[in-house]
Amino acid sequence: MGLMRIAMLPLLLGLLAGAAGAQEAKPDFDALWKTGSLWEVGDNRARVQEARKAIIAAGAEGRKFALTKLGVTAGLELRCLNAVFEGWGADAYDDLAANIGHQDASARRNVAELLSTLNDPKAAGALLAQATSEESLGPRLSQLAALAKWKVEDAVPLIIDISRSETERVRHRAAGLLGNYETGDAVARLIELLDDPVFYVRDGARNALAEGTPGARAVCLARLREQLELTPAEQNPQRIRLLLPVIATLADDAVPKLLQQALKHETGSIRGEAGDALVTWKLRAGLLDKEVEVDALLQKALDSEYDPYAKAALEKARARLNDSQK
């Protein structure tokens, strides 16, 4: 019996050692990453989520592995990257901040976007320094996007600089970033972008101004007044037309007066835009106003309108007003 116990001892020790080794074994991060980067559809949904959770649960070891994936560009891998760093949250800040100047351009872009998602402005100084010297456009846009989200005013000159890019999509993106600011330079550049040769860049600048702060829209009001005070030959009709919907969102006594002035403009497209802007004003900033009879103004304008575009725009504006009242 004693001999049997002695013989069993090495076997038991081996089993215990194997169990301890199994407990200490690291997760197969490569396999988890591969699964975590699959499409989240059907039966894959649970597998993908569990794989990502396993990487997150591994803590520092999981982050050490994920940091080797900072340069990924494939869409599914980017989803996995975003998911695991979102899972770590603030715990990942130091690791990400240490890679702001990563040697790989794709990694620098991804790091900037991940830091923006973490939404910790203490990264602003390092991101601004990197954006100032950044040579690759993609990472620079992502760095500036994070800085604009945090309204870092020192980034405005850099954003204005890229807003003059020959690439129209870059100018469009820059317009959206400038919309986060109400500084004079940012608003002035957005107003300049209303003259851009590409329609969706112009629309992006107009939308950025319309969604901007009251201070930014007040600048637009002043610029519109200046334009309407010029002689017709000196005016910029396109700029006037695009400024009208911007000021229509502003609660200022001067707004309905300027809109009525524009409703009588010699240019048909401006008259049509002024009618739509009057309706926007009435349904928002002018909702409580009892003096300006917008429907009557539109009907009077329609009675004398001869321009097909303006007539159609005024009819559409009046229909929108009547539909809202129903």
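Modeller: Contact here means heavy atoms within 4.5 Å. Keep in mind that this is a predicted model.

Colleague: Thanks! Which residues is Leu 127 in contact with, leaving aside its neighbours within four places in sequence?

Modeller: Leu 127 touches Ile 100, Ala 112, Leu 115, Gln 143, Ala 146, Leu 147 and Trp 150. Leu 127 also belongs to the largest nonpolar core, which has 92 residues. Among the members that touch the most others are Leu 127, Leu 147 and Phe 85.

Colleague: Why is Cys 80 called buried?

Modeller: Buried means under 20% relative accessible area. Cys 80 has 0%, so Cys 80 is buried. Cys 220 is also at 0% and therefore counts as buried.

Colleague: And how many disulfides are there?

Modeller: The count is zero, with a disulfide taken as a pair of cysteine sulfur atoms within 2.5 Å.

Colleague: What makes Lys 34 exposed?

Modeller: Exposed means over 50%. Lys 34 has a relative accessibility of 64%, so Lys 34 counts as exposed. Lys 34 sits in helix 2, residues 29-36. Its C-alpha atom is 8.4 Å from that of Glu 77, a residue 43 places away along the chain.

Notes. Residues are numbered from 1 along each chain as its sequence is written. This is a predicted model: local features need pLDDT of at least 70, side-chain atom pairs count only at pLDDT 80 or more; totals for chains, interfaces and linings use all residues. Side-chain values use heavy atoms; hydrogens and water are left out. A nonpolar core is a set of buried Ala, Val, Leu, Ile, Met, Phe, Trp, Tyr and Cys residues joined through side-chain atoms within 4.5 Å. Buried means under 20% relative accessible area, exposed over 50%, partly exposed in between (1.4 Å probe, protein chains only). Helices (H or I, at least four residues) and strands (E, at least two) are DSSP runs, numbered from the N terminus.
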